[in-house]
Every structure is written in C-alpha cells, then in structure tokens.
Amino acid sequence: MTVYIGNAVGNENGEISGGQPGDQTGREVKVQPWYLNKKGWVILRAKSASTAKRIADDMRMACENANIGYSQPQRNTLYRAASPYDFDCGKVETKCECDCSSLARVCVAYAGIKTRDFNSASGPARLLATGEFVELTDENHTTTSEFLCEGDILCTKVKGHMAVCLNDGPKADRDPEPVPPIPPEPTHKEVEVIGGSVNVRTSDSTKGRILFTAHRGDRFPFVAVAPSGWYEIETKKGTGYITNLPKYTKLVEV
C-alpha cells in the first residue's frame with residue numbers, strides 16, 4: 001500500500017522565492033508518495049483522530065487548489081487568505097503563497113488549533129505546546145511509512161521540511177505507546193545589534209523585503225543560522241533575517 005503525503009515544495013521555477021502567486025504548474029503544492037528525507041523525520045500525531053482527519057482533509061484541499069502556490073518571502077499570504085474561511089483551503093479564491101511549514105500551520109488551524117507562526121525548526125515545539133499532539137521518534141514511525149496514520153505531521157529532525165500524511169499505512173497504529181521525547185537543549189541565545197541601524201528582512205539577503213530597522217542595543221530571539229550565514233530571528237512582525245557581519249550584530253548567550 002502506497003502512503004501519500006501532501007506538502008509545499010517549491011515555486012514554478014523550482015526555487016524558494018520569486019515566481020507568480022498561485023500554483024503555476026500544479027506541482028508547487030502537491031501530493032506525492034512518502035519518502036525518507038535525508039535529514040530524518042520526526043512525527044507529530046494529533047491525539048484526536050478527528051483532528052488528524054481535518055488536518056489531512058485541509059492538506060488535500062490545498063494540493064487541489066491552484067490558487068495556492070509556493071514562495072518563502074510571501075509564505076503567510078495563504079494564512080491571511082484562508083482565515084476568513086476558517087482556514088478551509090478549498091475555499092481560497094485569492095492567488096497566494098505558502099511554504100511547507102506555513103501550510104502545515106494553516107491545516108492545523110483548520111482543525112481548530114491556533115499556533116504562533118513557526119518553521120520546520122520550531123514547528124515540533126510549537127505543536128507540542130498546544131497539548132494536542134504527541135511526538136513519535138521510534139524507527140517504526142520515522143524510517144518507514146507502514147505505521148503512519150492519516151493526519152500525521154512529518155517534520156525533519158533539523159530545519160528542512162514539513163509534510164502531512166494523507167492516508168493510513170498498512171500497519172497504522174492510531175494509539176501507539178509514545179516514546180518520551182528527549183527535551184531539547186534550551187537555546188537561550190539572542191542576536192544583539194551592536195553597529196548602528198540594521199535592516200531586518202523577510203529573507204536572508206539584501207534582496208529581501210525590509211520588515212523594519214533595528215537599532216544598536218536591540219535584541220531578538222535567535223532561531224537558526226540561514227544558509228547564507230545570516231541570523232534567523234523572531235520579531236513582533238514574525239520571522240525575520242538580519243546580517244551576521246560582526247560589525248553590526250553578535251550572537252549572545254542569555
């Protein structure tokens with residue numbers, strides 16, 4: 001039995017930014033067979049079977065809706081477009097964009113669970129904090145699709161990708177004995193602005209749209225180091241990126 005997942009994978013040019021709003025190719029947000037991600041999976045399973053079904057239902061509707069495309073800089077336009085419809089992706093009529101994690105957030109909201117914005121690095125912690133999910137980290141659930149259930153949320157062990165399982169595997173176990181997760185080491189890091197004024201942007205380059213300007217002494221919770229080396233941070237306006245040049249910013253323990 002083939003297990004399928006739904007996910008947002010890239011824009012019409014196979015890139016993470018740019019392109020036109022909406023799904024230009026039918027492959028920006030799509031259904032595909034389960035695969036073992038090279039970064040490894042962890043599984044977030046809804047405690048309620050009805051919640052899990054709604055998560056999977058909304059992912060299917062998103063994959064079928066050509067108004068929903070992929071672009072990281074515009075990743076939250078789907079959330080705003082779906083909000084008036086109680087996050088029903090089948091009713092979205094505005095051309096909009098998402099990425100893998102913001103799409104998962106919308107599907108969870110359709111199931112009645114609201115969370116703060118998250119990416120694939122912070123997603124597991126944000127979902128577990130709702131009290132509505134358990135984390136499965138054993139090999140039966142992370143290295144094969146046989147034991148997966150409809151509505152399971154797949155997230156890479158490190159920042160990378162998120163997807164939703166769309167059907168039960170042949171050995172699906174709705175109520176497995178969850179393996180207690182090892183609590184993550186607290187980050188307790190912040191990015192401090194030390195060099196005058198610095199722009200916080202929507203992506204990790206000077207081509208990203210400016211969210212706002214930070215000033216000497218400002219500090220922001222550190223999330224991760226982006227591929228370019230820029231710091232990914234949390235701000236009151238959502239996820240942002242700031243230069244890592246040592247004359248402007250530094251990473252500090254708090």
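Predicted model: local features only at pLDDT ≥ 70, side-chain atom pairs only at ≥ 80, totals over all residues.
Gly 151 lies in the loop between α5 (139-142) and β7.

**Overall shape and packing**

- The C-alpha trace of the protein spans about 60 × 40 × 30 Å along its principal axes.
- Of the 254 residues in the protein, 50% are buried.
- Among contacts with a separation of 6 or more, 67% are made by residues 24 or more positions apart.

**Gly 151**

- Gly 151 counts as buried because its relative accessibility is 0%, and buried means under 20% relative accessible area.
- Leaving aside neighbours within four places in sequence, Gly 151 is in contact with Ala 52, Ile 55, Ala 56, Val 164 and Cys 165.
- Gly 151 and Arg 45 are 106 residues apart in sequence, but their C-alpha atoms are 7.3 Å apart in space.

**Leu 44**

- Leu 44 is part of strand β3.
- With a relative accessible area of 0%, Leu 44 is buried.
- C-alpha to C-alpha, Leu 44 is 9.1 Å from Gly 151, and the two are 107 residues apart in sequence.
- Leu 44 is in contact with Pro 124, Leu 127, Leu 128, Phe 133, Val 134, Glu 135, Asp 152, Ile 153 and Cys 155, leaving aside neighbours within four places in sequence.

**The nonpolar cores**

- In soluble globular proteins, nonpolar side chains tend to be buried together.
- The largest nonpolar core here has 40 residues, of which Ile 68, Leu 78, Leu 103, Phe 133 and Ile 153 touch the most other members.
- Two or more residues of this core come from each of β3 (41-46), α1 (49-64), β4 (68-70), α2, β5 (96-98), α3, β7 (153-156) and β8 (162-165).
- The largest share of the core, eight residues, belongs to α3.
- A second, separate core has twelve residues, including Val 191, Ala 214, Phe 220 and Ile 233.
- Ile 153 touches Val 42, Ile 43, Leu 44, Ile 55, Val 108, Leu 127, Phe 133, Met 162, Ala 163 and Val 164, when residues up to four places away in sequence are not counted.

**Helix α3**

- Helix α3 is mostly covered, with eleven of its eleven residues buried.
- The buried residues of α3 include Cys 100, Ser 101, Leu 103, Arg 105 and Tyr 110.

**The largest pocket**

- The volume of the largest pocket is about 1100 Å³.
- The pocket is lined by 41 residues, and the closest to its centre are Gln 72, Arg 75, Asp 99, Thr 202 and Tyr 241.
- The elements that give two or more residues to this lining are α2 (77-82), α3 (100-110), β12 (219-225) and β14 (238-242).
- By type, the lining residues divide into 13 nonpolar, 16 polar and twelve charged.

Definitions and conventions: Residues numbered from 1 in each chain as written. Heavy atoms only, no water. 1 Å grid on protein atoms, 1.4 Å probe; cavity = no way out; pocket = protein on both sides within 12 Å on 5 of 7 lines; lining within 4 Å. Points joined across faces, edges and corners; volume = space filled by probe spheres on them. Helix = DSSP H or I, 4+ residues; strand = E, 2+ residues; numbered from the N terminus. Nonpolar A, V, L, I, M, F, W, Y, C, P; charged D, E, K, R; others polar. Core = buried A, V, L, I, M, F, W, Y, C linked by side-chain atoms within 4.5 Å. Buried < 20%, exposed > 50% of the residue type's maximum accessible area, 1.4 Å probe, protein only. Contact = heavy atoms within 4.5 Å.
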